[in-house]
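This briefing goes through the sheets of the model and then the packing of its helices, grouped by topic. Please read it alongside the sequence and the coordinates.

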Amino acid sequence: MKRTLEQLVRPNILRLKPYSSARDEYSGHEASVFLDANENPYNDPNNRYPDPMQRELKAALGRIKHVPSDCIFLGNGSDEAIDLVYRAFCEPRVDNVVAIDPTYGMYQVCAEVNDVEYRKVLLDEHFQFTAHAMLEAADEHTKLMFLCSPNNPTGNTLARAEIEALLQSFDGLVVLDEAYIDFSSGKSFLEVLDTYPNLIVLQTFSKAWGCAAIRLGMAFASPAIIGIFNKIKYPYNVNLLTQREAMEMTYRLYEKEQWVETLKGERSWLGAALQGLGCVVKVFPTDANFFLVRVSDAPGIYDYLVDKGIIVRSRHSVALCGNCLRITVGTHLENEQLIAALEEYGQR
């Protein structure tokens, strides 16, 4: 029998009475005179606290994502949602989480910040995982499992059948990070959010939306899980400027989709160009907006590119990624500059 949400959440969080902000208390009523929050009445609109629940933005995103507003949490980047999952469900020095390896590093950082044991399950030679291996690493104190698909830094989409098997078999919560889903041909698990009450899907404005600077992450889950996030988040965690810019981007959905198609085309061009370089050993298949590339000398090539003013990411020290660079797909001019520099490196 699977554990209930009440059994998974930390007892102190279950008992917690959340902070009630001034903007929460009059919710549902129209108002024009605000004398409740000790704000400066001048310098409109930046003098007022933003909507703590981002209602207008959630409604717009709900229409785009085909998800009810009460199934959406918005945070200061996806990292806030990742941290909240630990704070809500994992008792420090008691509970543990299981995650694939290699993957996005913030899962482990948040585990260490929250004093929660972090158990790694190594991917296979194709950068895939099995539900069985994840479950084998778990015990009665495992509250969370982290998956990233398409995965970072490997770029590949994880096997859907294995994700579904894990959701069906694990009696804790599965956090599925879909930061790069827009660049993949695979379907988002948002379509089956209702099917799996133990699923939390993360997405972001930082990648396909071209809004890394505004720091807006999205978490999608059951209303009960979102309610727990809202209970413990900081009152005004998403500022007014971020909410406004994100709302503006929802009106530019077509432009965002054109960016994605352009980057997919550039991805094809860049992948083929990388394959033809003498210093490149292997270009791994990708469903994201970056490549994991095994080269002849990752530290040396990284330093060479830095000297040329071209910055990539060395993943040489990451599990299964020896002598690998992670290379983001840029504009065509940027991609040409990268290839020219690597060709020059090979001619030295």
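In this predicted model, β1 pairs with strand β7, which spans residues 217–220, in the antiparallel sense and over four bridges. Within that pairing, glycine 75 has glycine 217 of β7 as its bridge partner.

- The pairing of β1 with β7 belongs to an open sheet of seven strands, which follow one another in the order β1-β7-β6-β5-β4-β2-β3 with mixed pairing.
- The edges of this sheet are formed by β1 (72–75) and β3 (117–122), each of which pairs on one side only.
- On average, and with direction ignored, neighbouring strands of the sheet are turned by 20° against each other.
- Helix α9, covering residues 223–232, packs on the sheet and touches β1, β5 (173–177), β6 (199–204) and β7, while its direction makes about 30° with that of β1.

**Helix α8 and its buried side**

- In helix α8 (residues 160–169), the buried residues include Ile163, Leu166 and Leu167.
- These residues lie on the same side of α8, because the arc they cover around the axis is only 100°.
- The buried residues of α8 pack against α7 (131–136), β4 (142–148), β5 and β6, whereas the face turned away from the buried side carries Ala161 and Gln168, which are exposed.

**The four-stranded sheet**

- Another open sheet consists of four strands in the order β8-β9-β11-β10, and its pairing is antiparallel.
- β8 (280–283) and β10 (313–314) stand at the edges with a single partner strand each, so one side of each strand is left without a neighbour in the sheet.
- β10 is joined by two bridges to strand β11 (residues 324–328), the two running antiparallel, and arginine 313 has arginine 326 of β11 as its bridge partner.
- Helix α12 (residues 298–307) packs on this sheet, where it touches β9 (290–295), β10 and β11, and its direction makes about 35° with that of β11.

**The pair of helices α11 and α13**

- Helix α11 (residues 253–275) packs with helix α13 (residues 332–346) at an angle of about 5°, their axes being 11 Å apart.
- The two helices, α11 and α13, are therefore roughly parallel to each other, since angles under 35 degrees count as such.
- From α11 the contact draws on Glu266, Trp269, Leu270, Ala273 and Leu274, and from α13 on His332, Asn335, Glu336, Leu338, Ile339 and Leu342.

Note on methods. Residues are numbered from 1 along each chain as its sequence is written. This is a predicted model: local features need pLDDT of at least 70, side-chain atom pairs count only at pLDDT 80 or more; totals for chains, interfaces and linings use all residues. Side-chain values use heavy atoms; hydrogens and water are left out. Two strands pair if DSSP finds at least two bridges between them. Axes are lines fitted to C-alpha atoms, for helices over the stretch in contact, and angles run from 0 to 180 degrees between N-to-C directions. Contact means heavy atoms within 4.5 Å. Angles under 35 degrees count as roughly parallel, over 145 as roughly antiparallel, 65 to 115 as roughly perpendicular and the rest as oblique. Buried means under 20% relative accessible area, exposed over 50%, partly exposed in between (1.4 Å probe, protein chains only). The arc is that of the directions from the helix axis to the C-beta atoms.
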